[in-house]
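Welcome! Please take a look at the sequence and the structure below, and then we will walk through them together.

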Amino acid sequence: MQRHLISAADLTRDDAVLILDTAEEMARVADRPIKKLPTLRGRTIVNLFFEDSTRTRISFEAAEKRLSADVINFTAKGSSVSKGESLKDTAQTLEAMGVDAVVIRHGASGAPYRLANSGWIDAAVINAGDGTHQHPTQALLDAFTMRRRLVGRDAGLGQDLSGKRITIVGDVLHSRVARSNVDLLHTLGAEVTLVAPPTLVPVGVGSWPCAVSYDLDSTLPKSDAVMMLRVQRERMNAAFFPTEREYSRRYGLDGDRMAKMPEHAIVMHPGPMVRGMEITAEVADSERCTVVEQVANGVSIRMAVLYLLLGGNEPAVTHARTTEEK
């Protein structure tokens with residue numbers, strides 16, 4: 001494992017499979033009466049969030065606490081950032097306090113990379129989402145969910161997603177989740193197809209390791225997993241489609257469209273969902289939809305990432321047992 005986790009594109013197949021396998025061990029910890037490991041006792045981790053977040057922030061905090069780390073939560077609102085403090089000054093403040101890892105979410109693409117490579121701070125940096133660029137732990141938890149559902153919990157150990165066909169639908173242009181998933185799923189051997197209105201497909205997508213389609217109905221029967229993306233209105237500065245109704249009619253997933261998918265296929269969504277827009281309530285509440293599962297798996301994946309970056313490379317649960325015995 002490398003020192004930082006900035007982009008899903010930085011991970012090799014072996015790195016990704018190691019994280020997925022470690023997360024499988026971490027998931028077993030969640031089934032215990034006491035959901036704690038002593039692995040990161042004495043380590044300090046700062047959650048540095050410059051953008052709003054529910055799932056990611058709480059998920060990272062739960063993961064850190066389950067590994068017995070000391071956690072500091074930082075939000076830009078109510079901090080000196082609102083007075084004009086720069087990222088450099090914030091980083092140097094954290095460095096002076098002796099933190100071991102920084103989990104950063106920032107509205108500017110490239111902020112985590114800058115933090116990791118600037119020399120401002122001597123700590124592991126984990127990207128929790130930067131602008132429209134990357135969100136590597138989301139891609140990892142999505143791959144973990146797919147492997148569990150499509151390959152099997154035990155059968156999946158050591159395996160990748162070779163031959164699986166994944167369709168990502170919606171606002172690809174503004175989606176860091178789509179970019180991260182394309183990179184990681186390609187590394188893991190899956191075939192990825194992006195489906196979106198032409199106005200929501202990024203320039204240069206031809207160089208991405210995936211196919212592009214504008215017709216959702218033709219791709220559904222060939223998909224093992226369909227990931228719906230939220231239309232990110234907060235990042236839009238123009239009219240990218242005529243009306244919500246037209247978008248929903250052409251690119252929304254409803255019961256009739258779900259019926260066209262193979263029986264084993266699953267429906268995914270990184271959240272938050274806009275019911276009635278990209279996904280109907282019928283689909284969101286069906287057994288095929290893995291949204292709640294993804295949230296649970298997110299804690300396991302983030303525990304695995306923190307463990308491998310800060311804890312060591314031996315199997316996590318074995319290490320925990322040894323530590324407890326001492």
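In which strand is R105 found? R105 sits in strand β3, which covers residues 101-106. This is a predicted model, in which local features need pLDDT of at least 70 and side-chain atom pairs count only at pLDDT 80 or more, while totals for chains, interfaces and linings use all residues. Residues are numbered from 1 along each chain as its sequence is written, and side-chain values use heavy atoms, with hydrogens and water left out.

**The whole chain**
- The chain has 12 helices and nine strands; these are DSSP runs (helices H or I, at least four residues; strands E, at least two), numbered from the N terminus.
- Of the 326 residues in the chain, 56% are buried, meaning under 20% relative accessible area with a 1.4 Å probe, protein chains only.

**Residues listed in the record**
- Under "binding site", an unreviewed UniProt entry lists R55, T56, R105, H135, Q138, G271 and P272; UniProt positions follow the numbering used here, feature names are shortened, and annotations may be inferred rather than shown by experiment.

**A closer look at R105**
- R105 is buried, because its relative accessible area is 7%.
- Beyond residues up to four places away in sequence, R105 touches residues including E51, D52, T56, H135 and R176 (contact means heavy atoms within 4.5 Å).

**A closer look at H135**
- H135 lies in the loop between β4 (124-130) and α5 (136-150).
- H135 counts as buried, because its relative accessibility is 3%.
- Leaving aside neighbours within four places in sequence, H135 is in contact with T56, R105, R176 and R302, among others.

How values were computed
Buried means under 20% relative accessible area, exposed over 50%, partly exposed in between (1.4 Å probe, protein chains only).
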